[in-house]
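Dear colleague,

Please read the notes with the structure open beside you.

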Amino acid sequence: MIDKIINLPPVSEMMRESGLEPKKQYGQNFLFDLNLTSKIAKSVPDIKNTIVVEIGPGPGGLTRAILMAGAKHVIAIEKDKTTGNILSKIVEASDGKLDVIFGDALKINLNDLDKEGYAVCSNLPYNVGTELLIGWLHKIADGANIKSLTLMFQKEVAMRIVAKEKDSQYGRLSVLSNLIADTKILFDVPNTAFVPRPKVQSAVVQIIPNKNKIDKIKDITKLEKLTAKLFGQRRKMIRGIIKTDWEKFGLSGTERAEELNPELFLKISSIIDRNLL
Ligand code: SAH
């Protein structure tokens, strides 16, 4: 199978042959560099024993790398049907290891995979990257068996995911990510790696769900409401946003959202009256 994948024409050539052009409305920025796609795929923990879900395979550069890295099985979800010609050639070469589903990743339900579990690996469409991540974090908190997420984001979003309290990028995404998973930036990717070239720089982030952390979350919706409310006015003192007895959380109420660590958000969300959110 690996031989067949290696022998496929280069991605850029397949695009030319099938007349596929990157489309802005789908947030398409493609990767052609084999070293880079292989580096991303090889970052997926225990890939050889894991089903990998790829969102937005596009013309399949990263998909090929995931197959070549030895993934147990690959399920690629793509919204743009015009990539079908190219992807079907990769499916043929994959000896049954690759399934492509055409549809919107925001709507597709992968509950069938929860028994065995899966990893997500993707060069995400930038227009929906954050929304997809929040969706996955919710699913993980609700028991979805996602083993790891290895994801390309705009650098600025990557920094928000890994930020700690008092960092300027610290916000909702940092609190949620850090209460559910262990997160780190694996490496930066320059904008020159993409076709077309985006204005911003990118980075690959690794998110590993952490069971000990997840067990402590009792009500993810309440936690989300609290973070949304306090970070919605991040410069304002928390007592000006929610009227409650802040002292019972060891706070004076004059703090701002960006000073509270993720554990404190969790503690507040588990005790605070739902009607205040
Ligand atoms: N993985 C490819 C393409 C990345 S560009 C590469 O690295 O070269 C992002 C891809 O996501 C595009 O192919 C785009 O069509 C697809 N996409 C955008 N929105 C999507 C959605 N909601 N669901 C599934 N795929 C989507």
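On a 1 Å grid over the protein atoms alone, a pocket is an open set of points with protein on both sides within 12 Å along at least five of seven lines, whereas a cavity is a set of points where a 1.4 Å probe fits but cannot get out; lining residues have an atom within 4 Å of a point. This is a predicted model, in which local features need pLDDT of at least 70 and side-chain atom pairs count only at pLDDT 80 or more, while totals for chains, interfaces and linings use all residues. Residues are numbered from 1 along each chain as its sequence is written, and side-chain values use heavy atoms, with hydrogens and water left out.

The largest pocket is lined by 30 residues, and Y26, G27, G56, E78 and P125 lie nearest its centre. Its volume is about 410 Å³, a volume being the space filled by probe spheres set on grid points that are joined across faces, edges and corners.

The ligand sits in this largest pocket, meaning that more than half of its atoms lie within 2 Å of the pocket's grid points. Around the ligand there are 19 residues, of which L31, G56, E78, D104 and N123 come nearest; a residue counts as near if one of its heavy atoms lies within 4 Å.

An N or O atom in the side chain of Q28 is 2.9 Å from an oxygen atom of the ligand, and a backbone N or O atom of G58 lies 3.4 Å from a ligand oxygen. At A105, a backbone N or O atom is 2.9 Å from a nitrogen atom of the ligand. Taken alone, the ligand exposes 570 Å², of which the protein buries 99%, with areas computed by the Shrake-Rupley method and a 1.4 Å probe.

Best wishes

Conventions:
Polar contact = N/O pair within 3.5 Å; in protein donor to acceptor, adjacent residues only side chain to side chain.
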